[in-house]
Every structure is written in structure tokens, then in C-alpha cells.
Amino acid sequence: MAESEKNNLKVTIPHQIVDKLALKSGDDVKIHITDNNVVIESGTENPEKTDIKIRWFVLPALIATTIFLSFFLIRQENLIPLTGRLSISAAVIILGVVSGVISFATFYIRNHQQDRNRALKGLYWRNFPVILLSFTIILALALLAIFWFMGILFKGAAFDPYTASALFLLFTMTINYFMIYAALHINSEMMVRLLITVIVSGVLASMVTNSDNHWWETNLSFLGTKHANYSWQFNLTLMVSALLMVGLIDYLFVWLQRKYQHNLGLNILRVLLTIMAFSLFGVGAFANNGEGLLHLLHDIAAWGLVAVLGLTVILIRWLLPKGSRQFQIISDVIVLLLFIDFVLFKYVGYFSLTAFQLVAFDLAFSWILLLLGTLRRLSHRDDLTMTVRLEDDEAEKRS
């Protein structure tokens, strides 16, 4: 192709998009290709503002490592075990969590104040304690699981103070990096994924660790009682999931109520989902250990969760402003399946209590995820999509 034939094309951006992005003549914009799609982005934002700089996660890790090394040098410890009471794992769980939480809180607040992440506009300060506590517990649980597994793989492993410090530094830098990344990129999608990961991994881990106890011969609530192994793990899973739900509900409904103002159905749905989240928290907080006040509170929370969930599923077609027909059909099918599940357990005797609870849990959890996905879709701002025409820049000059 001759050089003269390689003409540039130009695009005129409609005023609706110009106004929405606050563009003006002379501004730089980025244009790139993603999956054969041409994407034009505003170039006013400095990319360094969203990049995670090395010093952000290295400096707090170095401070924590200095504390770690000084502690064991003062104690004159020649060998530091990988796991145990005074070990690398214990130090990472304590100092690493503290360092990671401080990093998360710092960049969450910094990001909110500078308003670089538009999604953070919907996360008010009342949500900050819930988000921070959720990420703190998730980090601690993840580290406990990692070092439990490493303790099995490297049983009896121990290192000199400087090698141990190097390992501690690597762990702490990784923790700080991911906590800063989470603070800078937190949104509803991330919170939904965390909710799925926490509740699925927590429940499955509890089932596995109690396989020798034949927990299925009792009921699902057995996993949270004093008779179960690591019952705190199961109960904490439910409580963290409830906290994530509270934060996610608040986040989504901030956007929904801006988009659908004074919508009675949404207000009712928000109340029902919040009650559902607090009921789930109560199921984990009040262990079902036989008789007494805790048993009574556990039953109230559990049956309250079931009742509110059932009511929400039934009323959902009238509560959502723009629910899809497919979601309505799925909701009706789930109501029918839950009813069949209850009949097979209560009146037919085909299902045991554990089978009834597992089927109901799977159906309810699946429906909640579908509902959260629907709410996320509804909460998104209306996309401004327009058709533009490409013009030959050289041809226009010749004319």
C-alpha cells in the first residue's frame, strides 16, 4: 500500500459523552484494542495514582520484619520453627495481619478521600468497620489455613533467625500487596466472590474436618456445636459471610436508591435482606449446644432466616423494579423445590434432617447469589452507547 493511502481516520465524540466525562478540546484520550473492540478512555487520570508502588507494600513489611528479627535475637533463638507457638507462622498471623489491616485501612481511606474509584462513592463510612472486620477475619483465616497445610508438608522445619526473617518478609510483603490491591479495587463483584469463597470453603472445610464424627447423622448445625472439631471455623464462616452480606447490601442499595428513588419495593427488599444477614450472623454466633439460652437464640435466628428467605423469594416479583422474567421463573421453581424438600422431610420421611438442610441450603444459597447478581445489574449506571462515524481525515482536508 502506498504511503499516501495510509490515511488517518478521525472520530467525533458526541456532546452527551463529552458532558458525562467532562472532556474538553485539547484533552488527551487513550485508545486501545481489547478483544477486537476499540476502546476510548479518558486520559485525564494519572495511571500512577492506581498503580501499586513497591514502597507501599515493602516499607510496612520491612518494619514488621525488623520487629520479628529483633524479638528472636533478643531471646537468642538459634532456630525458629515454621509452625508452632513461637514460630514464623505465629508471627506472620499476628504481625502480618496487623500490617495488612493497617495497609488496607490506609489505602481504603486514601482512595475514598481522593475519590479515584467511583465505586467507593457508594461505600459510606458506616460501611467501613464492616468491610475492615470482614477482610481482617478473611486474612487471618487464610493464613491459618496456609500454615496448617505447610505444617503438614514441612513438619518439624526450623530456620536460623536470618533465613526465618527472609521468609517472614516474603509473606508480609505478599499480604500487604494483596490488602492494598483489595482496598484500591474493592467493588460489588469482588465482595460477591469473597462471599462465595468464604462460605463454600468454610463449610466444606468443616465437613472434611468432622468426617470422622459422622456429622451427617445429626444435622448441619452439628458443625457449629461443641461436639464438632474446629466448630469455631464453621461459626466464624457464617458470621463473616453475614458481615460481607451487610456490606454488599448497603453498597448495592446506595446505587439502587439513587437510580430508583423512593421505590417502596426496594426499601422492603433492603430490610428483608438485612434481617436475613443478621439472622445468618446469629446462627453462627449462637452455637446450638443442646438446651439453654444459646440454643433458643440459635433456633430463633435459624427459623428467622428460613422465614425471611421464604418471604423474600415469594415477594421478589413485586419488590424488584425491573426483574427479568428468567429470574422470576427461577424464583418460582426454587419456591416449589423448597416446598417439596420440606414435604419429603416433614411428612413423607424420605429426607433426613441433614439431607433436608443440605438441599435447602444449596437452593437458598444459589438463589441469593442470583439475586445479588440481579441487583448488581440493576445498580449499574445506564450505559451511554452511541453510534459514531469514522471519517477520512485526509479526504476532509482535500475537500
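Just after helix α10, G349 takes a positive phi of about 80°, a value that, like everything below, comes from a predicted model. The protein chain holds 12 helices and 6 strands, and 40% of its 399 residues count as buried.

**Helix α10 and what follows**
- Helix α10 covers residues 325-348, 24 residues in total, and its first and last C-alpha atoms lie 33 Å apart, which is close to the 34 Å expected at 1.5 Å a residue.
- Its buried residues are F327, Q328, S331, I334 and D341, and the buried residues of α10 pack against α9 (293-319) and α11.
- An α-helix has 3.6 residues a turn, so residues three or four places apart point the same way.

**Helix α6**
- Helix α6 runs over residues 188-209, and because its 22 residues should span 32 Å at 1.5 Å a residue, the 31 Å between its end C-alpha atoms agrees with that expectation.
- The buried residues of α6 are S188, M190, M191, V192, L194, L195, V198, I199, G202, V203, S206 and M207.
- These buried residues pack against four helices, namely α4 (128-153), α5 (161-185), α7 (231-259) and α11 (353-379).

**Nonpolar core**
- The largest nonpolar core has 94 residues, and those with the most contacts inside it are F104, F135, W367 and L375.
- Helix α7 supplies the largest share of this core, with 13 residues.
- Once neighbours within four places in sequence are left aside, F135 is in contact with F104, M179, A182, I186, M190 and L194; of these partners, M190 and L194 are also listed among the buried residues of α6.

**Aromatic pairs and a charge over a ring**
- The count of aromatic pairs comes to 15.
- One of them joins W56 and F107, whose ring centres are 4.8 Å apart and whose planes make an angle of 45°, a geometry that is classed as tilted.
- This pair links distant parts of the chain, with W56 in helix α2 (residues 54-74) and F107 in helix α3 (residues 88-114), 51 residues apart.
- W56 counts as buried because its relative accessibility is 11%, under the 20% cut-off, and F107 likewise counts as buried because its relative accessibility is 8%.
- In the pair of F342 and Y347 the ring centres are 6.1 Å apart and the planes stand at 80°, so the pair is edge-to-face, given that planes over 60 degrees apart are placed in that class.
- F342 counts as partly exposed because its relative accessibility is 32%, whereas Y347 is exposed, with a relative accessible area of 63%, which is over the 50% cut-off.
- Ring pairs also link F68, F71, F72 and F168 into a cluster.
- The charged end of R317 sits over the ring of W318, at 5.9 Å from the ring centre.

**The chain as a whole**
- Among contacts in the protein chain between residues at least 6 apart in sequence, 73% join residues that are at least 24 apart.
- The accessible surface of the protein chain comes to about 23,000 Å², and 63% of that area belongs to carbon and sulfur atoms.

Notes:
Residues numbered from 1 in each chain as written. Predicted model: local features only at pLDDT ≥ 70, side-chain atom pairs only at ≥ 80, totals over all residues. Heavy atoms only, no water. Phe/Tyr/Trp six-rings, centres within 6.5 Å; stacked < 30°, edge-to-face > 60°. Helix = DSSP H or I, 4+ residues; strand = E, 2+ residues; numbered from the N terminus. Buried < 20%, exposed > 50% of the residue type's maximum accessible area, 1.4 Å probe, protein only. Lys NZ or Arg CZ within 6 Å of the ring centre and 35° of its normal. Contact = heavy atoms within 4.5 Å. Areas by Shrake-Rupley, 256 points an atom, 1.4 Å probe, with all protein chains shown as cover. Expected span 1.5 Å × (residues − 1). Core = buried A, V, L, I, M, F, W, Y, C linked by side-chain atoms within 4.5 Å.
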